[in-house]
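Work through the exercises below with the sequence and the model side by side. Try each task before reading its solution.

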Amino acid sequence: MQASGPTSSSGPRDAIEAEAARLLAKLNSDPTPQEEADICDWVEADPRHAVAFARAEAAWEAAERLKSAAADVTLPSLPQIVSEEHQRRLSRNIMIAAAVAVLLFIVAAIVTVRTFSGVDHYETGLGEIRDVTLEDGSILHLNSDSEAEVRFTGHGRKVRIVKGEAAFDVAPDSERPFDVEVRSALIRAVGTTFNVRIRPALVELTVTKGTVAVHCGHDSERRVSAGNGAVIQPRSIALTSLGDKIVSQRVAWRDQMLLLDGETIEQATGEFNRYRKAPILIGDTRVSALRIDGRFHIGDSRKFLATLQLHYPVRAVQGEDGSVMLLYRDKEPEQALANAAL
């Protein structure tokens with residue numbers, strides 16, 4: 001009877017761990033090249049598979065070490081155990097030794113999982129932008145307060161965006177697809193440049209070079225080419241056609257710039273606050289809807305605040321903690337207006 005292949009990844013955790021144990025046993029019993037390939041495909045198909053397989057390997061290795069250790073243990077001969085008290089002490093010592101062995105196994109399993117999973121973790125602090133060259137030559141750009149996990153193997157390249165915003169310059173490799181996981185979506189690219197931003201209710205995709213394929217929930221796969229984007233929600237993908245101006249605006253952070261083109265002051269302050277430890281706050285609803293244009297460095301909000309006070313009926317009040325409160329300024333004499341701009 002033909003051996004069954006790996007089971008689906010949709011099963012519960014117990015089923016995945018059982019399958020990992022079965023496949024590990026097959027891997028250690030002279031498998032065929034096709035069986036080895038099938039096992040690798042199963043491990044790469046889902047991060048849960050990789051973790052379960054690593055745990056199974058850890059357990060296997062620990063069991064082998066315990067068997068080797070047991071072979072070297074010489075127990076006292078039966079005549080030497082002359083009293084019940086001695087037997088109780090011996091039983092207690094065996095139980096303690098077993099408990100220590102279990103504890104060592106758990107520690108070894110944790111270390112092995114980390115080693116075999118091979119996940120590299122990258123993150124940025126508030127106001128920090130970081131460029132990371134990955135082992136395949138691809139470049140990961142991380143915006144402020146962002147976090148990503150990277151795992152490369154011989155069969156694939158996987159990145160998971162945990163929070164924030166990231167851009168990718170993907171090195172071509174037809175044998176290893178480049179997959180980016182973000183919330184419930186999977187974005188696949190080969191030799192492409194694109195930007196992914198996690199917003200509170202959606203994920204915003206912008207493609208600047210090449211084409212990516214996007215899959216999310218039960219929605220069919222969508223392809224997004226350069227100059228276009230997508231709004232990704234938990235169960236849907238909406239494609240958007242972007243002009244050059246919007247594309248430039250979305251990726252300007254890579255040059256540490258913020259481009260404003262008719263955004264409201266509320267939206268603009270939200271963008272600046274992504275890079276500030278002490279926020280800019282709006283203390284009057286009349287300020288929120290005012291719209292602003294301009295080009296600003298993300299680390300220099302002083303120019304932004306000066307522009308608001310010079311060209312808009314806005315007054316900026318500095319807080320002791322470094323925060324700034326924006327208030328609406330009613331009409332004032334020209335001299336007062338000039339003073340407010342300083």
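This is a predicted model: local features need pLDDT of at least 70, side-chain atom pairs count only at pLDDT 80 or more; totals for chains, interfaces and linings use all residues.

Residues are numbered from 1 along each chain as its sequence is written, and side-chain values use heavy atoms, with hydrogens and water left out.

**Exercise 1.** Describe the surroundings of H121.

Solution. Begin by locating H121 in strand β1, residues 120–123 (strands are DSSP runs of E, at least two residues, and helices are runs of H or I, at least four, numbered from the N terminus). Next, leaving aside neighbours within four places in sequence, list its contacts, which are E147, A148 and E149 (contact means heavy atoms within 4.5 Å). Finally, look at the side chains of H121 and E147, which a polar contact of 2.5 Å joins (a pair of N or O atoms within 3.5 Å, where within protein one must be able to donate a hydrogen and the other to accept it, and residues adjacent in sequence count only if both atoms are side-chain atoms).

**Exercise 2.** Find which residues of helix α6 are buried.

Solution. Helix α6 spans residues 265–273, and its buried residues are I265, A268, T269, E271 and F272 (buried means under 20% relative accessible area, exposed over 50%, partly exposed in between, with a 1.4 Å probe and protein chains only). These residues lie on the same side of α6, because they cover an arc of only 155° around the axis (the arc is that of the directions from the helix axis to the C-beta atoms).

**Exercise 3.** Classify L281 as buried, partly exposed or exposed.

Solution. First place L281 in strand β16, residues 280–282. L281 then counts as partly exposed, because its relative accessibility is 37%.
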